[in-house]
Amino acid sequence: METLIHPAQLSAWQRFLQARGLHRETTRSKNPDWYSNALELECQLHLFLEGEEVSEACICSGKEDRKNWVRVSAPSLQASEEELREYLSEIRGEFNGKPRSLAVILHLADEFAISELARANERPEDLRALSDQVTSAPQEVLEDHRISTEELSFRLFPYPGAGPGQLFGSAITISRKCHDYLRQIRTIGETLNFPIRTCALSAPLVALAALPQLASQLPSEPFSILFSYSSFSVIAFFTAEGDLVMLRSVRHHAGGAPPHVGRIMQTMAAALELPEPLVYILPLSHEETDSDLPELPGAVTLNWRESAWFDPEVPLEFQGPASLRIAEQAEGLAASETFRGMAEQKWATQDFLPATVEEVELCPSQTEMKILRYGSVALRIGAVALVLFLSWTGIRTVRIINDEAWNQTGEVSREGNKVLASEIRRYEQWSSLLADRSKAWVSMELVNHLFPDPESVILSETTHRVRPEVVNEKDKKAGVIKEWTITGLANSEALNHLTVISTTEGMGKVFGIVRKHTGNDSLRTDLSSRTLLVNLLTSENKRFKPDGGMKPEERFSQNFRLTITQRITAEDPIAIPIVSIP
Amino acid sequence: MNPHYKESVIVFGLVAPVLLVVIGLGLGVHFQGKMENTYEARRNHHQTFKILEREREALEQNVQSQAPHMHRWMALFEQPAATTVNTFFREFQNEFDATHFQQTAFRPTSTAGGIGGASKQPSSQLHFSFRGTFRALQTAFLELETRMPQLQLDSIKLSRASNQNVLNANVVYTTWQKQ
């Protein structure tokens, strides 16, 4: 990865290119440890700084309650970047498996100062807001306005046990002399594309936070503890409930703690209205011996190594952050507001030397890296979708172009079909016009079948008329009325026959027989568009001679007149077309 | 979020790619849809063309099967019906003895009447009188009406002649004419 340029100096597009470069060339968008708090990482390197050099170094891994500690060689504060890179590479190799990140936690036990807050007697409602102000703009809230934020780092530390009129908290002050050292470590992490998060803790504050683990050695009445380091001591005053009332630091001179430290403690206890508190000493220096401890009458020396909770081989401060667990049902000292606050608000594990704003602003935040990641995924999915869509469209296009229908661009003309349809219509019209509507020979055949025995009748006259019938002017066809009238003489046998056939049913049978013989469909009687009416009129033949006459008219007893009317409506197939054929 | 990167990352890292893909897909869908619409129209056009072609084939088959009838029918109108009928009866009369079949009268009219009177199709009436036996008359009418389907019988009257063996027949035909 090329050297990063602060985004304020870049155009919007260049900023995006720089962010995309980080997304592509680093693990920032995949490994959330780049943005995690150092104390939350699984693999940690704890360094104990007392005096001019790091005196102790341990690595730890594993969960909070099952941390494995291994003592390692301590790096030099004066080490070059190359030496530090080499050291950190060695440290990475010390962990089981391949660590995905590393936390470098520097415990500062070489200095400890307390700055007074302005209006320190008025406890504000929102300590977090005040804490932010102490961190970012300490000149505005500290008693001493001449302080230099470039050289010093301030963090608020509240005193929950302070009574009305007493100081509610102080600003713990640490110099920034190790800031570049930690930045160098972070830079190495970036060049290695390996998340290295740093954190600088105040060793006395972490030791203070670990006190609940020593609760069995502490009383249930007001007490004070002196945390002793090589170059200074920190005195903490507690109420009977275990709440912190005040912190004070005492600088050591050559030869250890000043001899009047006992008097100081008595004076302060009196000022804090803590009558004769029990005094404890917690020796935490890795350099001094018991003879260097201040002589305090009646003081009890706490031995944290006796506590089962602590690993006696590992410095107390290293194990301090892990002791700050939020227990739902805390008991004893851990239940006091002071230690609950330390567990919940992390007052004792505040990072005194975090990355500067400029350093943080150099890289996109986790949210932006996620956006880049999701955007990249969306772009890839979209590109794949686009490619698939275009491929499918291409295949579909080839299929369509090769389809016969695609190349069918000629005009569709119905004219030819209309001409053919009109030809057919013309044929049908002529067919209808020339239909077998009425035939003379068929009518004669009908008469022949009406009188099967020629000897029994004499026909005088046979008439057949066909006439059209227009019921409605708008009809396209006219009905037909066909009428047969037959007159003559008949004997009784013929008369009986005529009586039988002179019904619709009887005449229908005769029509059926004639139709069968002639094949002429005009005699069909099974169509609903046709009706058949028969009328027979008989009368006595006055010229009849029962004993037998000479003339034919004298041999038949009856005159008859048979009238057959077939009515065919306009809906019938042989109805007459009214419209002319063009 | 880092305020220095926020906008450029959102714009170029998320909005632009999504927009690019959406525009790409949108254009693709648009042009693909356009092509599909054109194809659909051409396919409908093609289907119509095919349907009309099938219809035309069916119509042509019909016309072809009807053509002989139409030609025969149209041939009927090449000569005046009266002439054709007279020629027919003259030839028919030659085959029979005068006592069996004889045309006794013929009167054509130029006006429509009977069946033809109901239609706008041009027609005229032909009046005939015959004398003959039942069988000779029926045979004559059978042959005539089979040869000339344009003849529609308006009326026929059969009565006994003075000679007991023959009948008098008065026949009126409507004959259709072409326009």
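This is a predicted model: local features need pLDDT of at least 70, side-chain atom pairs count only at pLDDT 80 or more; totals for chains, interfaces and linings use all residues.

Q: Which strand of chain A is joined to β3(B), and by how many bridges?
A: Strands of a sheet pair through backbone hydrogen bonds, in either a parallel or an antiparallel sense. Here strand β14 (residues 457-469) of chain A and β3(B) run antiparallel and are joined by five bridges.

Q: How many residues of each chain are in contact, chain B with chain A?
A: On the chain B side there are 64 residues, in contact with 68 residues of chain A. The elements of chain B that give two or more residues to its side are α1 (3-76), α3 (134-147), β3 (151-160) and β4 (167-176). Of these, α1(B) gives the most, with 35 residues. By class, the side of chain B that touches chain A has 30 nonpolar, 22 polar and 12 charged residues.

Q: At what angle do helix α1 of chain A and α1(B) pack?
A: Two packed helices are described by the angle between their axes and the distance between those axes. For helix α1 (residues 12-25) of chain A and α1(B), the angle is about 85° and the axes are 8 Å apart. Angles of 65 to 115 degrees count as roughly perpendicular, so α1(A) is roughly perpendicular to α1(B).

Q: Which residues of α1(A) and α1(B) meet?
A: From α1(A) come A:Ala12, A:Trp13, A:Arg15, A:Phe16, A:Ala19 and A:Arg20. They meet B:His4, B:Tyr5, B:Glu7, B:Ser8, B:Val9, B:Phe12 and B:Gly13 of α1(B). The residues of this contact divide into seven nonpolar, three polar and three charged.

Q: In what order do the strands of the open sheet in chain A lie?
A: The five strands of this open sheet follow the order β3-β2-β1-β4-β8 (chain A), and the pairing is mixed. Its edge strands are β3 (68-71) and β8 (196-202) of chain A, each of which pairs on one side only. From one strand to the next, the twist averages 25°. Helix α4 (residues 179-191) of chain A packs on the sheet, where it touches β4 (102-108) and β8 of chain A. The direction of α4 makes about 160° with that of β8(A).

Q: In what sense do β2 and β3(A) pair?
A: Strand β2 (residues 53-61) of chain A pairs with β3(A) in the antiparallel sense, over four bridges. In this case A:Ser61 has A:Asn68, in β3(A), as its bridge partner.

Q: Why is A:Asn37 classed as partly exposed?
A: A residue with 20 or more other C-beta atoms within 10 Å of its own is buried, and one with 12 or fewer is exposed. A:Asn37 has 13 within 10 Å, so A:Asn37 is partly exposed. This residue is found in the loop between α1 and β1 (44-50) of chain A. Its C-alpha atom is separated by 7.1 Å from that of A:Arg197, 160 residues apart along the chain.

Q: What percentage of chain A counts as buried?
A: Of its 582 residues, 37% count as buried. The secondary structure of chain A comes to 14 helices and 18 strands.

Notes
Residues are numbered from 1 along each chain as its sequence is written. Chains are lettered from A and ligands numbered from 1 in the order in which they are written. Two strands pair if DSSP finds at least two bridges between them. Axes are lines fitted to C-alpha atoms, for helices over the stretch in contact, and angles run from 0 to 180 degrees between N-to-C directions. Two residues are in contact if their C-beta atoms, placed from the backbone, lie within 7 Å. Ala, Val, Leu, Ile, Met, Phe, Trp, Tyr, Cys and Pro count as nonpolar, Asp, Glu, Lys and Arg as charged, and the others, Gly among them, as polar. Angles under 35 degrees count as roughly parallel, over 145 as roughly antiparallel, 65 to 115 as roughly perpendicular and the rest as oblique.
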